[in-house]
Amino acid sequence: MANNIIYPVATLLEIEPHLIEYFAYNRTMLYTEIERMYLATWGFMGKVEDKYMIEVPSTLDELATSDTPFDWQRYAPREQKMIKVVDTLAYMTDNIKGILFEDDGLKKKIEELTSKLPDKNRDSIFYTLWMLAIIYKKHEAFKPILDPELLEETYNMDTYFQQVRPEMLQLYLFLERDKRKRDKSITLSNNQEKITINNAMESWFTNLLDSYLHVYLGVNSIEEAEEELKEAYSSKKGRKADNPAQNLVMVGMYRLLVNHSGMERKSDIYKFILDYMELIGLVKDEDKQIDENYINSKIAYLEKHGYKPEWIPVSQGNYRTSPNNPSKLYFW
């Protein structure tokens, strides 16, 4: 049976640097809970001091980005007008003592698990991992934990992942595997008619495609494109699709424990990570391949490839977006 339990705001503010560095935390993840507690405590927005006034762009879209898909205006630099608004999240956070969460006994289990840690930073690690569990439970329930106002606008992501992006990868390989074709004419056909483009004139057509793929595909080599096609789109995929949340928790906990726990043996760290993931339900009974050896090799692989923590919907799996496309509305 779930009980309501208070997470102290003062403690949250102390451990937020850990959450940000290791677990891609943003306080907006807790906006609903913070707002609910503030309204229950005060019922209205009081007088706001100047320190809560912040400058933000006057547009809701990204800097130097228009609402028009791929054209010169979209990425053309322009003067950015700023306006002052109230940082309501910071204001509400500073005016409540704690945040109310439902707890089904998870807090006590995490407390028992972290009690085995050395004394060094034990309390901060406990509170960090308790908040991580809260965030993960929200993520698992498919509740938006970032940019909730954009949730309905991203309906076209599935089309991008499943249809558009694999075709972009094939187009990229077509252009890159033989650079000589850039100096040749290119014929486009739809089985009813065809047109020949004299691309030899300044390579204008392939240069245009290069620019487009740089923004919306964002791969840097033939090897990278071939690997993605194999892993995400072939009928016999190279490896099972990752669970992005498992990657985030494994690497984030590893870095947190190595830097702050005082644990000396790597094997103890891997065992602790496995116990925690099982405790919060991130590893289930059917995940028989996940043990300390798996966690060791997986973390080593992710660290080698410069892993950066990010909350990715489970449904996205191995699908990727372009790191060069700042828009959250347009994917191609």
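## Starting from Tyr276

Setting aside anything up to four places away in sequence, Tyr276 touches Ile110, Leu113, Leu129, Leu132, Ala133, Val249 and Met253. Bear in mind throughout that this is a predicted model.

Tyr276 is also among the residues with the most contacts inside the largest nonpolar core, along with Leu129, Met131, Met253 and Ile273. That core has 62 residues, and helix H5, residues 122-140, gives the most to it, with ten residues. Apart from it lies another core, of 21 residues, with Phe161, Val164, Tyr172 and Leu175 among them. As background, nonpolar side chains in soluble globular proteins tend to be buried together.

## The chain overall

Stepping back, the secondary structure comes to eleven helices and six strands. The chain has 332 residues, and 41% of them count as buried. Take the contacts with a separation of 6 or more: 75% of them are between residues 24 or more positions apart.

## H4 against H10

Now for the helix pairs. Two packed helices are described by the angle between their axes and the distance between the axes. Helix H4 (residues 106-114) and helix H10 (residues 266-280) have axes that come within 11 Å and cross at roughly 170°. An angle over 145 degrees counts as roughly antiparallel, so H4 and H10 are roughly antiparallel to each other.

On the H4 side, the contact is made by Leu106, Lys109, Ile110, Leu113 and Thr114, and on the H10 side by Phe272, Asp275, Tyr276, Leu279 and Ile280. Here is Tyr276 again, as part of the H10 side. Sorted by class, the contact of H4 with H10 has seven nonpolar, one polar and two charged residues.

## H9 and its two partners

H5 packs on H9 at an angle of about 175°, with the axes 12 Å apart, which makes H5 roughly antiparallel to H9. H5 brings Ile125, Thr128, Leu129, Leu132, Tyr136 and His139 to the contact, while H9 brings Ala245, Leu248, Val249, Met253, Leu256, Leu257 and His260. These residues divide into ten nonpolar, three polar and no charged.

H1 meets H9 at another angle: the axes of H1 (residues 9-23) and H9 (residues 244-260) come within 9 Å and cross at roughly 130°. H1 is therefore oblique to H9, and the crossing is right-handed. His18, Tyr22 and Phe23 of H1 make the contact with Leu248, Val249, Gly252, Met253, Arg255, Leu256, Asn259 and His260 of H9.

Thr128 lies in helix H5. Is Thr128 buried or exposed? Its relative accessibility is 0%, so Thr128 counts as buried. Leaving aside neighbours within four places in sequence, Thr128 is in contact with Tyr7, Ile15, His18, Leu19, Phe23 and Leu256.

Glu228 sits in helix H8, residues 222-233. With a relative accessible area of 1%, Glu228 is buried, because anything under 20% counts as such. Its contacts, again leaving aside neighbours within four places in sequence, are Arg165, Leu169, Val219, Tyr233 and Arg320. Glu228 and Pro166 are 62 residues apart in sequence, and their C-alpha atoms are 8.7 Å apart in space.

Most residues other than glycine have a negative phi. Asn121 is not a glycine, yet has a positive phi of about 60°. This residue lies in the loop between H4 and H5 and, at 33% relative accessibility, Asn121 counts as partly exposed. Asn191 also isn't a glycine and has a positive phi, of about 70°. Its place is the loop between strand S5 (186-189) and S6, and at 78% relative accessibility Asn191 counts as exposed.

Asn198 is found in the loop between strand S6 (194-197) and helix H7 (204-216). At 43% relative accessibility, Asn198 counts as partly exposed. Which residues does Asn198 contact, leaving aside its neighbours within four places in sequence? Those are Ser185 and Trp204. Asn198 and Ser185 are 13 residues apart along the chain, and their C-alpha atoms are separated by 4.5 Å.

Note on methods. Residues numbered from 1 in each chain as written. Predicted model: local features only at pLDDT ≥ 70, side-chain atom pairs only at ≥ 80, totals over all residues. Heavy atoms only, no water. Core = buried A, V, L, I, M, F, W, Y, C linked by side-chain atoms within 4.5 Å. Buried < 20%, exposed > 50% of the residue type's maximum accessible area, 1.4 Å probe, protein only. Helix = DSSP H or I, 4+ residues; strand = E, 2+ residues; numbered from the N terminus. Contact = heavy atoms within 4.5 Å. Axes fitted to C-alpha atoms, helices over the stretch in contact; angles between N-to-C directions. Parallel < 35°, antiparallel > 145°, perpendicular 65-115°, else oblique. Left-handed = near helix turned anticlockwise from the far one by under 90°. Nonpolar A, V, L, I, M, F, W, Y, C, P; charged D, E, K, R; others polar.
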